Each structure stands twice: as C-alpha cells, then as structure tokens.
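Please examine the sequence and the structure shown here before reading on.

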Amino acid sequence: MVRLSQKSGKQDGGAAGGGRGGGLGLAAVAYISIDYLRHLSPSWHELLQPLLWIVLALIAITRVPFYKHWSAELRSALVFIAALVFMLCTLLYEMISVRSVTAVLGLTWHRNTPPLPDTGQWILLGLNEKLPQVIVDILRARIVGLHHYLMLFVMLAFSVLFGSIEAPGLGIGARYMFTMAIGRFLRAISFASTILPSPRPWCAARRFDVPHHPHHWAQKFYVPYASDPNAINNVIHQDMVYDNGVVGDDEYRPDWGFMSFLADFLRPIPSGEAAWINLLKKAGGGCNDLLYSGHMLVAVLTAMAWTEAYGGFSSVFIWMLVAHSAQREVRERHHYTVDCIVAIYVGILLWKMTGFLWPLKNKSRELRLKKLEKIEGKLYQAAKDSDLDQIRDLLKQVELTSQSKNNQVGKERARAMQFFAGGTIVFALTVVVLAFVLTSDG
C-alpha cells in the first residue's frame, strides 16, 4: 500500500522535479552575461538585450495554451494581490523613513560626521594588495544590481509555464512579495531606530534638498548631549532634558492637505520640490538607511526562492552573485559590513517563515490518497485472493475520483480561465517592464 501511495504522489507531483532541465539556468546566465555587455560593448548590449527579452517573452507566451494549472493560479490570485498591496504600503513607509533619518539631523551633521570603523572594509583593502589583479578586477566589476535580482526572480516565476518549478507561479510571487514586505518593514524600523553616519559623508548633500540645521526635535533631544561627556553623563543620571538652550522652529511647512504632517519628517525647502511624493521619488536611494541593506535583502530572497523552487547548479550561481554583491556594497561604501551580514540571515529566516504561502498542497493527490485509504481493505483482500480484475477496478476508481473533479469544469468556466490566463500574462509582463524601468537606477 505504501508503494501505491508513493506511485500516486510521483505521478502527480513530477512537474517540479522531473520536468526540470537546464534551460532556466542557461537563461539566467545569458541574461547576466548580456547585461554586463553594457560595460564591455554598449553597441552589442543595445542589440542583444532587447532581443533576449523578446525571445524569452515569446517563448513564455507560446506555453500559455498548454499550461494546466490555471485553476491553482486563480486560487492564488487574491493572495497575490493582497501581498502586492501590502508590499507597496511597506515600501511607502520605507521611502518616508529613508528621507526622514537623513533630514532630521541636517546636512551639516552628515558632512562633518566621520563614518564608523568597518573591519570588512579593512579586509577588502588588504586583499587588494595580496590577490592577483585579475581577481581584484572581478571583485570590483559591477556585474549584478538590484534590478538583476528582480528580473531573475521574474524568470523563475515564469518558468512555471514550462514545469520547471511547482505551480502556482502566483503563489511563489505572493510569497516573495509578502516576505519582502515584512523584511522592508523590519528594515525601516531598524535604521530609523538608531541613525548611523553614512560611509559616504557627501551622500546627503548630493541626494537630498533638506535644511543644513537639525530639526527642532534633534536640537532639543540630541544636539546638547551629542559630544560633551559631562552632558551625556548628566542626562543619563537625570534621565530628563535639562538643557534649556534656544530651540529654533522655523521649519518650512508647505500646504499638503491631509499629508501636511509629513513636513516634519521630509523637511522640504522653499526652492525644492512642491509635492511630497516627488520628494520621495527624487533621491533614487538613501544615505542613512543602513542597518540592514535593502539591496542585499532582495538578493537573498531571490537566491532562497531559486534554491527552494529550482535548485541545481544555477542556484549556486545565484548565491555566488549574492556574495559578490555583498562585498561590492562594502567595497564601494554603500553599506557597512554588518548591514550586509544582517540582511543575509534576516532574508534566509524570513523566507523560511513564509512557507505557508507556497508551495500549496496538491489537492488531487490528497483526493487519491484518501480514496486509497477507503479501499485499502478491499485492495488488500483482492491482492490476497490474487484477483487482478478486482485490483484494476479499485485502482480505476482512484483515478476516476480525481478525473471527476477535474471534469466538472464547464464551458463558461473554461472561458473564464482563458480570460484569466490572458490577463495574468499581460499583467505579469507589465509588472516586469515597470520593475525593470523603475529599478534600473538602484
């Protein structure tokens, strides 16, 4: 009976394992290689990159009519949309926090405050003197960035059309976005809790149009006790604000309607952007959103999704890209070493915690196993009596159980599935284009 159950499971669940080939891994390597041509040969890059995307999109579209798991995709659609909305909300909160942690202290503080000592930076500088120049050049190369990891995950999700990963594709997409949303929310809380000086002291002045002086909150609670040891000792013992210095509150507060409360967090200046949303989009990245790295979180989630869903040598390739990205973040002083280390283990733990979203339970397999349990006594007796016809009839009942469920789909539902399939592909391709355009600058 155990053998029969195992055979039933293998026949139903072979898409994720048995249908796997090397095509997805080769596509990932081709994408990274062709995109790196932008540094080696821009003319070839302009020719080959659009061609690659067109070929991959056409191949995916041709597989749509042969995909057999649209009912599973439909069951995951609401979860996918909910995860998308949740992720967008957390990204908005993160964007506000990114500007706020830089704006609250003013540009003068950021320009005059030295970076923290980082032993990871020391190690990389020391290795530059010891390693062969070829290895150093590879470590310095800008091989992969944020949008590459997003595109690699999109390729992984679309590979469900070829049976490379377990259905539904929207399920793994929902898990990816939900996990990223939680990670982004925890990240925003972390870097907003303790403001660290940027490894690039000039970053704030180049990216943000904010006042040079600290916000009146910082003037009251931080500045008097920032550098004087006696003042720090006194505030520890008194546990009260005791400095009665002048606190200026001449902040510019534009009329943003019900969003006017954001003025204290975003700190606009009269000559800057008029709309609050433009302030959030203008920077193209933060300076003090350090602990932990958002880029590395995306990289690790992509690697974890790839490892669990596809595996093989291609997942080793993705993890090698993650390691390369981590040392580049430290080498180029976008982040401290601790930011990258924390992002790696937080990403791994969060992905392990959200396994309830994908892969989903195989319902047809469960139906067959339940039917086998019901007829187990009869099957055992038929086997004992060497009644092969009875065994065939009983096993046929098991197969008819799952087929009867699948055959209940009428013409109207079939049309609805076709409409849903087309809408899903169009929506997914639109998201791909938007993700590629909006994240190309990091």
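## A buried alanine

Ala157 is buried, its relative accessible area being 16%; the term buried applies under 20% relative accessible area, exposed over 50%, and partly exposed in between, with a 1.4 Å probe and protein chains only. This residue, Ala157, is found in helix α8. Helices (H or I, at least four residues) and strands (E, at least two) are DSSP runs, numbered from the N terminus. When neighbours within four places in sequence are left aside, Ala157 is in contact with Ile165, Gly169 and Ile172, where contact means heavy atoms within 4.5 Å. Between the C-alpha atoms of Ala157 and Ala305, which are 148 residues apart along the chain, the separation is 9.4 Å.

## Basis of the model

The model is predicted: local features need pLDDT of at least 70, side-chain atom pairs count only at pLDDT 80 or more, and totals for chains, interfaces and linings use all residues. Residues are numbered from 1 along each chain as its sequence is written, and side-chain values use heavy atoms, with hydrogens and water left out.

## Overall composition

The protein has 21 helices and 0 strands. Of its 442 residues, 42% count as buried. Among contacts between residues at least 6 apart in sequence, 81% join residues at least 24 apart.

## Nonpolar cores

A nonpolar core is a set of buried Ala, Val, Leu, Ile, Met, Phe, Trp, Tyr and Cys residues joined through side-chain atoms within 4.5 Å. The largest such core has 64 residues, and those with the most contacts inside it are Tyr149, Leu152, Leu156, Ile172, Tyr176 and Trp306. Elements giving two or more residues to this core include α2 (23–40), α3 (42–63), α4 (70–103), α8 (146–158) and α9 (169–193). Another core, of 11 residues, lies apart from it, and Val101, Ala103, Phe191 and Ala204 are among its members.

Tyr149, with neighbours within four places in sequence left aside, is in contact with residues including Val144, Tyr176, Val298 and Leu321.

## Helix packing

Two packed helices are described by the angle between their axes and the distance between the axes. Axes are lines fitted to C-alpha atoms, for helices over the stretch in contact, and angles run from 0 to 180 degrees between N-to-C directions. The axes of α4 and α9 come within 8 Å and cross at roughly 20°. These two helices, α4 and α9, are therefore roughly parallel to each other; angles under 35 degrees count as roughly parallel, over 145 as roughly antiparallel, 65 to 115 as roughly perpendicular and the rest as oblique. Ala77, placed in helix α4, is buried, with a relative accessible area of 13%.

The axes of α9 and α17 come within 10 Å and cross at roughly 135°, and α9 and α17 are therefore oblique to each other. At this meeting, residues of α9 including Ile172, Tyr176 and Leu186 face Leu350, Trp351 and Lys352 in α17 as contact partners.

## The disulfide

A disulfide is a covalent bond between the sulfur atoms of two cysteines. It is identified here as a pair of cysteine sulfur atoms within 2.5 Å, and by this rule the count comes to 1 disulfide. Cys203 and Cys287 form it, with sulfur atoms 2.0 Å apart. The pair links distant parts of the chain, 84 residues apart: Cys203 is in helix α10 (residues 203–207), and Cys287 is in the loop between α14 (276–282) and α15 (294–309). Both Cys203 and Cys287 are buried.
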